Amino acid sequence: MTKLLNLPGVIVEDSKETTETLILSVRVEKKTAACPRCGRISHRLHQNKGHLVRDLPIGGREVILKVNRRRFKCENCQKPFSETLDFVVNKKSFTYRYAQAVTEQVIHSDVSNVAQNNGLTEEEVWSMLISVAKKVIPINVENLKILGIDEISLVKGQGKFIVVLVDLETHKLLGLVPSRTQSQIEKVMRQWGEKVLSKIEEVSMDMTGNYKSLVQKMCQNAQVTVDRFHLTKIVNEELNTARIDQKKTAEALSAKERAKLFSSLKGSKYTLLKNEKSLSKKQKEKLEQVKNASPTVAIMHDLKEEFHLLFEESKTLGSGTLRLIDWLKKAEPYYRNSVATIKRWFPEVVGYFERRTTNGIVEGINNKLKLLKRCGFGFKNFHNFELRALLLWHFPPNLAH
């Protein structure tokens, strides 16, 4: 039974079985214990104390360990103390490995279902999650060089946003901030320490001035880079706005021309916004129909494609900068808002051509966070959401048994 249990340094002395439960009486092989006050090794056994601990199931049956958690008397301090059991969570009635197994289930499900499937209460499951998380949090950020910052809505339609901090080299979540205020973001980043902040070389973000000024203040050696996908997003939004405006102006046309324009523009949104190379044959036919019906939309679509290509094809800072300047001149009559925004952020935009860093990883993480939110049926408690999120990227931890 000792081999079957497979807990290093633990010996099974006796066992009792029922149809659903296996109770194993176990003892620790080690004869001594270290005093938690002075560190002196003690041999003086003071008291035996039984302790029931839940462990991983064996053969589909629940396993309960009856552990003798001994009390020793320190020969130096002359005070009694309980031995530390490495395989049991401190002051809890379950083993580390059982907590880890339950945590793994929660990552792919939700607390309520996992509790029901394992015959636990939701409070017990959360207790296990927190025990495992203590091995993970705080996240090690010593090697952080490229930081990604973005935000997502925690509660849809209520304007409650949280900020997402990501290591763009390891593609892992580093932390969440409960609001997008500078003070809250600074509070989280300050916990990393000045040494870590000074080693950050680049920060990729969208065009939110709130983040830019904060990064310049805190990470003085970092270059701020605007994420190219956010640039593409604002260009696409302006193109779609033009498409909608064209439908509105069709009211002034003759009935025949109006019908033709409406027919062409109807259902054309994703055909216009999708990369032309990725269009199917049917979508390409629809695109030609739209371009023939609206010269303005045709020009804006061509400019949108050119904008995408200049980021794809420019291999140096110089060539990328020159192509972007040329595009801005051509696009200004059509993309007034996008051009104005890019001009305001021009140094940060062209910084992409030097290192080609994007926040695409952050967008992928945001999608996983939204899925996590749906799996958990929403999170009223931000701390619980952060706990689940960090475990999703940093589990399993290196548990020391």
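**Entry 1: Serine 204**

I started with serine 204 and found its place in strand 13, which covers residues 202-205. I am working from a predicted model, so I keep that in mind throughout.

Is serine 204 buried or exposed? I looked up its relative accessibility, which is 0%, so serine 204 counts as buried, the cut-off being under 20%.

Next I asked which residues serine 204 touches, not counting those up to four places away in sequence. I noted Leu147, Gly148, Ile149 and Leu168, then Thr225 and Asp227, and finally Thr357, Thr358 and Asn359.

**Entry 2: Threonine 103**

I moved on to threonine 103, which I found in helix 2, residues 96-107. Its relative accessible area is 0%, so I wrote threonine 103 down as buried.

For the contacts of threonine 103 I left aside the neighbours within four places in sequence. That gave me Met128, Leu129, Val132, Leu391 and Phe395.

I also checked how far threonine 103 is from cysteine 38. The two are 65 residues apart in sequence, and their C-alpha atoms are 34 Å apart in space.

**Entry 3: Cysteine 74 and the sheet around its loop**

Where does cysteine 74 lie? I found cysteine 74 in the loop between strand 8 and strand 9. It has a relative accessible area of 0%, so I count cysteine 74 as buried too.

With neighbours within four places in sequence left aside, cysteine 74 is in contact with Cys35, Cys38, Arg40, Ser42, Lys79 and Phe81. I followed up serine 42: it is 32 residues from cysteine 74 along the chain, yet the C-alpha atoms are separated by 5.5 Å.

I then looked at the strands on either side of that loop. Strand 8 is residues 71-73, and it pairs with strand 9 in the antiparallel sense over three bridges. In this pairing I found arginine 71 opposite serine 82 of strand 9.

These two strands belong to an open, antiparallel sheet of three strands, in the order 5-8-9. The edges are strand 5 (45-47) and strand 9 (80-82), each of which pairs on one side only. I noted an average twist of 40 degrees from one strand to the next.

**Entry 4: Strand 7 and its partners**

How many bridges link strand 6 and strand 7? I read off seven, in the antiparallel sense, between strand 6 (residues 50-58) and strand 7 (residues 61-68). The two strands form a hairpin with two residues between them, and glycine 59 in the turn has a positive phi of about 60 degrees.

Leucine 52 stands opposite lysine 66, and histidine 51 stands opposite valine 67. A reminder to myself: side chains in a regular strand alternate between the two faces of the sheet.

Strand 7 has a parallel partner as well: six bridges join it to strand 2, residues 21-28. Here I found leucine 24 opposite leucine 65 of strand 7.

**Entry 5: The largest pocket**

I turned to the pockets. The largest pocket has a volume of about 420 Å³. Its lining has 20 residues, and those nearest the centre are Ile137, Pro138, Gln191, Glu386 and Leu390.

Which element gives the most to this lining? I found that helix 18 does, with four residues. Helix 18 (382-394), helix 4 (122-133), helix 5 (182-190) and strand 12 (172-177) each supply at least two residues.

I sorted the lining of the largest pocket by class and got 13 nonpolar, four polar and three charged residues.

**Entry 6: The second largest pocket**

My last stop was the second largest pocket, with a volume of about 360 Å³. It is lined by 16 residues, with Asp150, Asp206, His230, Lys233 and Glu363 nearest its centre.

The largest share of this lining, five residues, comes from helix 8. Strand 10 (146-155), helix 8 (228-249) and helix 17 (360-375) each supply at least two residues.

By class, I noted eight charged, four polar and four nonpolar residues in the lining of the second largest pocket.

Note on methods: Residues numbered from 1 in each chain as written. Predicted model: local features only at pLDDT ≥ 70, side-chain atom pairs only at ≥ 80, totals over all residues. Heavy atoms only, no water. Pairing = 2+ DSSP bridges. Axes fitted to C-alpha atoms, helices over the stretch in contact; angles between N-to-C directions. Buried < 20%, exposed > 50% of the residue type's maximum accessible area, 1.4 Å probe, protein only. Contact = heavy atoms within 4.5 Å. 1 Å grid on protein atoms, 1.4 Å probe; cavity = no way out; pocket = protein on both sides within 12 Å on 5 of 7 lines; lining within 4 Å. Points joined across faces, edges and corners; volume = space filled by probe spheres on them. Nonpolar A, V, L, I, M, F, W, Y, C, P; charged D, E, K, R; others polar.
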